[in-house]
Amino acid sequence: MAQEQEEEDSSVYTLEEAFTTVRFGKFQYMMMCYAGLGFIVEAAETMILSFIGPSLRSQWTLSPT
């Protein structure tokens, strides 16, 4: 029974152990940066559209639907 418990515990990794085992390197950092930039661009687009939308609706006399 104790041996089974040890086998189960050995298959559990902490986040730090997983990064050390997988070797979080340059490629992973670059992918994280690209994903972060994509998130920033998407958030900026949503923010810009929320500011521009009402003024364009009134200027172009668009209906709200």
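## Order of elements

Along the sequence the protein reads α-α-α, with three helices and zero strands. Helices (H or I, at least four residues) and strands (E, at least two) are DSSP runs, numbered from the N terminus.

## Model and confidence

This is a predicted model, in which local features need pLDDT of at least 70 and side-chain atom pairs count only at pLDDT 80 or more, while totals for chains, interfaces and linings use all residues. Residues are numbered from 1 along each chain as its sequence is written, and side-chain values use heavy atoms, with hydrogens and water left out.

The predictor's confidence in each residue, pLDDT, runs from 0 to 100. Its mean over the protein is 85, and 85% of the residues reach 70 or more.

## Helix α3

Helix α3 spans residues 26-59, 34 residues in total. From first C-alpha to last it reaches 49 Å, close to the 50 Å expected at 1.5 Å a residue; the expected span is 1.5 Å times one less than the number of residues.

At I52 the helix bends by about 35°, and the proline P54 follows within four residues. The bend is the angle between axes fitted to the seven residues ending at a position and the seven starting there.

## Residues after the helices

Just after α2, R23 has a positive phi of about 65°. In the segment after α3, T61 also has a positive phi, near 50°, in a residue other than glycine. T61 is exposed, with a relative accessible area of 69%; exposed means over 50%, buried under 20%, and partly exposed in between (1.4 Å probe, protein chains only).

## Surface

Buried residues account for 0% of the 65 residues. Helix α2 (residues 15-22) has zero buried among its eight residues, so it lies largely in the open. The accessible surface of the protein is about 6,400 Å², with 66% belonging to carbon and sulfur atoms; areas come from the Shrake-Rupley method with a 1.4 Å probe, and for residues only the protein chains shown count as cover.

F27, M30, M31, Y34, L37, F39 and I40 make a nonpolar surface patch of about 810 Å². Patch residues have over 30% relative accessible area and no salt bridge, with nonpolar side chains (Val, Leu, Ile, Met, Phe, Trp, Tyr) joined within 5 Å and like charges within 9 Å. A salt bridge is a side-chain nitrogen of Lys or Arg within 4 Å of a carboxyl oxygen of Asp or Glu. M31, found in helix α3, is partly exposed at 43% relative accessible area.
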